[in-house]
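Let's take a friendly walk through a protein chain together. Have the sequence and the 3D view ready as you read.

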Amino acid sequence: MSIMSETNKKSSAASSVGKELLKKILSGELKPGTHLPTERCMAEQTGVSRATVHQAIVQLEMQGFVSVVPRHGTIVNDFRKHPTPQSLEALMSSDSLGLDRSIFDDMMDTRLWLESECARRACTHIYDSTLREMEEITDSLTRPGADVGELIYRFHYRLTQASGNSLYAMIFRGFEPVLRNMIGHHYAVRSEDVPLSAAMHRQLLDHIRAGEEDAAAECVCAIIRQGINVLEERYCP
């Protein structure tokens, strides 16, 4: 095996270990102040080398999720109180549905704010071509075999683009992995929601076309809350 292949293999293994630890931190399973097992123990538990575990820990420390304290080991940080730019980047790129309830609530609040503002701005900034594309997406929702999760994601990404604010679209796109999983989960467990969802998306486009900013904002929030209600069921005992 070449040196480059061996390096890539170790990097991939470290990434895998890091992702598993990150999922446990983001889900709340590993709470702030928790001491992680030693690198030797984690290497034995995961079946990788100690060097691979060390590489994963270094990455998590750079992202602000853990601190390595001499003679005290590795401790989970409260990244919500002391976040770093890398913390947000890791959260945005997470594809896990198992987020801690408080993180989930904060993420949904952010989405409600972002998309309601985008719906308002779309009333005056949307291009005819974008409106037609969003109409085509909506028409496709109830067709047999439609990939509803993919279509819904595309619709809402186009909505952020229709706002005329490129940063809004970038923020939405930044959360792509976790949003795709959430949207896909919603319609996988509640396929009966599709006809109502299609009708609500058509109504949103009607409000945008008519320039009704308040109604458009309220409509997109209702659409998002429909999904929130389904996703919240994961937190019920």
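The report below starts with the whole chain and then looks at some of its parts.

## The chain as a whole

Please keep in mind that this is a predicted model. The chain has eleven helices and two strands. If you follow the elements from the N terminus, their order is α-α-α-β-β-α-α-α-α-α-α-α-α. Along the principal axes, the C-alpha atoms fill a box of roughly 65 × 40 × 35 Å.

How much of the chain is buried? Of its 237 residues, 42% count as buried. Now take the contacts with a separation of 6 or more: 69% of them are between residues 24 or more positions apart.

Find Ile 57, which sits in helix α3 (residues 50–62). Its relative accessible area is 1%, and buried means under 20%, so Ile 57 counts as buried.

Which residues does Ile 57 touch, if those up to four places away in sequence are not counted? They are Leu 21, Leu 36, Glu 39, Met 42, Val 66, Val 68 and Thr 74.

## An exposed residue between the strands

Next, go to the loop between β1 (66–69) and β2 (73–76), where you will find Arg 71. Is Arg 71 buried or exposed? With a relative accessible area of 83%, Arg 71 is exposed.

The backbone here deserves a look too. Most residues other than glycine have a negative phi. Arg 71 is not a glycine, yet it has a positive phi of about 70°.

## Helix α7 and its partners

Two packed helices are described by the angle between their axes and the distance between the axes. Start with helix α7 (residues 148–162) and helix α10 (residues 194–209): their axes are 12 Å apart, and the packing angle is about 15°. Angles under 35 degrees count as roughly parallel, and α7 and α10 are therefore roughly parallel to each other. The crossing of α7 past α10 is left-handed. On the α7 side, the contact is made by Val 148, Ile 152, Phe 155, His 156 and Leu 159; on the α10 side, by Val 194, Ser 197, His 201, Leu 204, Leu 205 and Ile 208. Sorted by class, the contact of α7 with α10 has eight nonpolar residues, three polar ones and no charged ones.

Helix α9 (residues 176–189) also packs with α7, at an angle of about 130° and with the axes 8 Å apart. These two helices, α7 and α9, are therefore oblique to each other, and α7 passes α9 in a right-handed crossing. Val 148, Gly 149, Glu 150, Ile 152 and Tyr 153 of α7 make the contact with Glu 176, Leu 179, Arg 180, Ile 183, Gly 184 and Tyr 187 of α9. The classes in the contact of α7 with α9 are six nonpolar, two polar and three charged residues.

## Where α8 meets α9

How do the axes of α8 and α9 cross? They come within 5 Å of each other and cross at roughly 65°, and α8 and α9 are therefore roughly perpendicular to each other. Phe 172, Arg 173 and Gly 174 in α8 meet Glu 176, Pro 177 and Leu 179 in α9. The contact of α8 with α9 divides into three nonpolar, one polar and two charged residues.

## Aromatic rings

A pair of aromatic rings is described by the distance of the centres and the angle of the planes. Counting rings with centres within 6.5 Å as pairs, there are six aromatic pairs. In one of them, the rings of Tyr 157 and Phe 172 have centres 6.4 Å apart and planes at 15°, so the pair is stacked. Tyr 157 belongs to helix α7 and Phe 172 to helix α8 (residues 166–174), so the pair ties together parts 15 residues apart in sequence.

Both Tyr 157 and Phe 172 are buried. Together with Tyr 153, they form one aromatic cluster.

## A cysteine in helix α11

Finally, look at Cys 219 in helix α11 (residues 213–231). Cys 219 counts as buried, at 6% relative accessibility. Leaving aside neighbours within four places in sequence, Cys 219 is in contact with Met 200, Gln 203, Leu 204 and His 207. Leu 205 is 14 residues from Cys 219 along the chain, and their C-alpha atoms are separated by 9.5 Å.

Conventions:
Residues are numbered from 1 along each chain as its sequence is written. This is a predicted model: local features need pLDDT of at least 70, side-chain atom pairs count only at pLDDT 80 or more; totals for chains, interfaces and linings use all residues. Side-chain values use heavy atoms; hydrogens and water are left out. Axes are lines fitted to C-alpha atoms, for helices over the stretch in contact, and angles run from 0 to 180 degrees between N-to-C directions. Helices (H or I, at least four residues) and strands (E, at least two) are DSSP runs, numbered from the N terminus. Angles under 35 degrees count as roughly parallel, over 145 as roughly antiparallel, 65 to 115 as roughly perpendicular and the rest as oblique. A crossing is left-handed if the near helix is turned anticlockwise from the far one by less than a right angle, and right-handed if clockwise. Contact means heavy atoms within 4.5 Å. Ala, Val, Leu, Ile, Met, Phe, Trp, Tyr, Cys and Pro count as nonpolar, Asp, Glu, Lys and Arg as charged, and the others, Gly among them, as polar. Rings of Phe, Tyr and Trp (its six-membered ring) pair if their centres lie within 6.5 Å; planes under 30 degrees apart count as stacked, over 60 as edge-to-face and the rest as tilted. Buried means under 20% relative accessible area, exposed over 50%, partly exposed in between (1.4 Å probe, protein chains only).
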